[in-house]
Amino acid sequence: MRLHFSVFIIASVTLLVAGRTHAQMKPWNNSGVGLSGLSEPPKGPSGPAPRRDLSGIWDAGPGGIQPTGYDVAALFTPLGEKMAKANKPGNGPRIADVSEDNDPLSTLGDPAGFPRILLYELRPFQIVQTANQVLMLYMFEKRWRVIWTDGRELPKDPDPRWYGYSVGRWEDDYTLVVQSFGLDDRTWLDNAGNPHSASMRVEERYHRIDGETLALTVTLEDPLIYTKPWTPLNKLPIRLMPNDTDLMEMVPSASEALAYRKEIASQAKTK
Amino acid sequence: MKKILFDILGAAALLLVSVPLLAHHGAAALDTGKEITLKGTVTEWIWSNPHCFLKFDANDGTGTVRNWAVETQSPTSMTPRGWSRMSFKAGDEVTVTIEPVKNGQPIGRILHVILPNGQKLIAANPTTPESRPVAPVPVQ
């Protein structure tokens, strides 16, 4: 059985690699693997993982893009269920007609916010480390986050922000654990319209497997909305891209979102 | 040996279905599985997020010329397929194969386009029941 599973995994990886050997890196405007899976660049440097170093340009490929969101209705508290019903998503198990869609990202041009930027469009991103920060620079939205690694505590009663407040510490030489709090509850968790409260706490674990692979695990704890913590991303594999990769912009602007709704979405309604 | 072959085919199937069709909204409005091909004249090509869309005038088969608006995925997903902001200009004569919406409006999703020079630009595979993405395999 184990051999059976191993062959399956090896075959998956082989096909992924084989499908990408025709890809060529361009000097500008690389999109990463994205939805098409056609453009993964050559592998980055291989070998053992460097100590306490996540710097580089990373791509989770199609695995980073979750258009249908997560089916977590069984975890809702009564308040969570009430909030979820008010959200009319364009995808996922509670998909609404396009005429009712009230996704703040795709209908208003609001920021994806955190952690939706991880749970919906984790397109390629760059990690930069300074003496007291880890910076996350995301291709999607051309947005950044600051993770403080100077030992400070998270604020106790912060003014909520779209991307919250984050602190990180090295659990060991290869694992950065990030805690976030103070998240604006206007944002959705994902494309399925799953809600969260402003008191949600998020843990990200970035474990460096080797020179070219990260594994990302994200756990959410929000007892107002969910009856227990849950883990939308469990060891998501993320690959290192060459350090000269220039990334495209992927900015979901309000004007473009409105034009799309006017020309396409509002005309496609089924009721 | 058969088991190994099965694994390889299974992995190939997983890869195929793990590529989602539309990034931010579902295909519920589409008459999935139905394909129509239209010959028309480009009026506008909008290269934008969350989806690009092509507008063109075409006869719908009943003698009526309608202005169609048909979408693709985002620029980041179309670029690796050879599409660009410069793929079309107003006045281009194109042949467009789409999945239309259910409600009869001149709206749909592009499957492929044949350009004036004969080049074929592929946008998507037809929708299948297996189009839901599969969760990635965790690394050990």
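1. Chain B of this predicted model has an average pLDDT of 79, and 71% of its residues score at least 70. pLDDT is the predictor's confidence in each residue, from 0 to 100. Residues 1-23 of chain B fall below 50, yet the model gives this stretch 46 contacts beyond near neighbours in sequence. Two residues are in contact if their C-beta atoms, placed from the backbone, lie within 7 Å. Residues 129-136 of chain B also stay under 50, with 16 contacts beyond four places in sequence. Where pLDDT is low, the predicted coordinates should not be read in detail.

2. For the complex, the predictor gives an ipTM of 0.80 and a pTM of 0.84.

3. Conventions. Residues are numbered from 1 along each chain as its sequence is written, and chains are lettered from A in the order in which they are written. Local features need pLDDT of at least 70, side-chain atom pairs count only at pLDDT 80 or more, and totals for chains, interfaces and linings use all residues.

4. Chain A holds five helices and nine strands. These are DSSP runs (helices: H or I, at least four residues; strands: E, at least two), numbered from the N terminus. Their order along the sequence is α-β-α-α-α-β-β-β-β-β-β-β-β-α.

5. Of the 271 residues in chain A, 43% are buried (20 or more other C-beta atoms within 10 Å of the residue's own, placed from the backbone). Among chain A contacts with a separation of 6 or more, 60% join residues 24 or more positions apart.

6. Gly63(A) sits in the loop between strand 1 (56-59) and helix 2 (78-86) of chain A. Gly63(A) counts as buried because it has 22 C-beta neighbours inside 10 Å. Tyr120(A) is 57 residues from Gly63(A) in sequence, and their C-alpha atoms are 9.9 Å apart.

Methods
A residue is buried if 20 or more other C-beta atoms lie within 10 Å of its own, exposed if 12 or fewer, and partly exposed in between; C-beta atoms are placed from the backbone.
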